[in-house]
Amino acid sequence: MIKVQEPEKIIIETEYIPLGQFIKLLNIMDSGGMIKAFLKDEGALVNGEHEHRRGRKLYPNDVVELEGIGAYIVAKDH
């Protein structure tokens, strides 16, 4: 049986967060340049749709999947 991992919740304090800033918040890449290159080359899945724009606005409950890295859900700090 294959176990599907639940997305990790990442708390934001604002109404939304741009995709590039969200990835930076994950602290998985060393620089903004690496994030830019990653999104250009690999992209991310946002709610199941391919996305290559760093400025894509993410709102609470959006799910971001980064291939080979993990899945994350945007959560609002209450």
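Colleague: Why is Tyr 16 called partly exposed in this structure?

Modeller: This is a predicted model, and in it Tyr 16 has a relative accessible area of 32%; because buried requires under 20% and exposed over 50%, Tyr 16 is placed in between, as partly exposed.

Colleague: What makes the rings of Tyr 16 and Tyr 59 a tilted pair?

Modeller: A pair of aromatic rings is described by the distance of the centres and the angle of the planes. The ring centres of Tyr 16 and Tyr 59 are 5.6 Å apart, and pairing asks for centres within 6.5 Å, so the two rings pair. Their planes stand at 50°, whereas stacked would need under 30 degrees and edge-to-face over 60, and therefore the pair is tilted.

Colleague: Which parts of the chain does this pair tie together?

Modeller: Tyr 16 belongs to the loop between strand E1 (8–12) and strand E2 (17–18), and Tyr 59 to the loop between strand E5 (57–58) and strand E6 (63–66), so the pair ties together parts that are 43 residues apart in sequence.

Colleague: Why does Met 29 count as buried?

Modeller: The relative accessibility of Met 29 is 14%, and because the cut-off for buried is under 20%, Met 29 counts as buried. Met 29 lies in the loop between helix H1 (19–26) and helix H2 (32–41), and, leaving aside residues up to four places away in sequence, Met 29 touches Ile 23, Met 34, Ile 35, Phe 38 and Ile 69. The C-alpha atoms of Met 29 and Ile 17, which are 12 residues apart along the chain, are separated by 17 Å.

Colleague: How do you know that the radius of gyration of the chain agrees with that of a compact globule?

Modeller: For 78 residues a compact globule would have a radius of gyration near 12 Å, and the chain has 12 Å, so the two agree. Of the 78 residues, 32% count as buried, and residues 24 or more positions apart account for 50% of the contacts with a separation of 6 or more.

Colleague: In what order do the elements of the chain run?

Modeller: The chain has 2 helices and 7 strands, and from the N terminus on the order is β-β-α-α-β-β-β-β-β.

Definitions and conventions: Residues are numbered from 1 along each chain as its sequence is written. This is a predicted model: local features need pLDDT of at least 70, side-chain atom pairs count only at pLDDT 80 or more; totals for chains, interfaces and linings use all residues. Side-chain values use heavy atoms; hydrogens and water are left out. Helices (H or I, at least four residues) and strands (E, at least two) are DSSP runs, numbered from the N terminus. The radius of gyration is taken over C-alpha atoms; the globule rule is 2.2 Å times the number of residues to the power 0.38. Buried means under 20% relative accessible area, exposed over 50%, partly exposed in between (1.4 Å probe, protein chains only). Contact means heavy atoms within 4.5 Å. Rings of Phe, Tyr and Trp (its six-membered ring) pair if their centres lie within 6.5 Å; planes under 30 degrees apart count as stacked, over 60 as edge-to-face and the rest as tilted.
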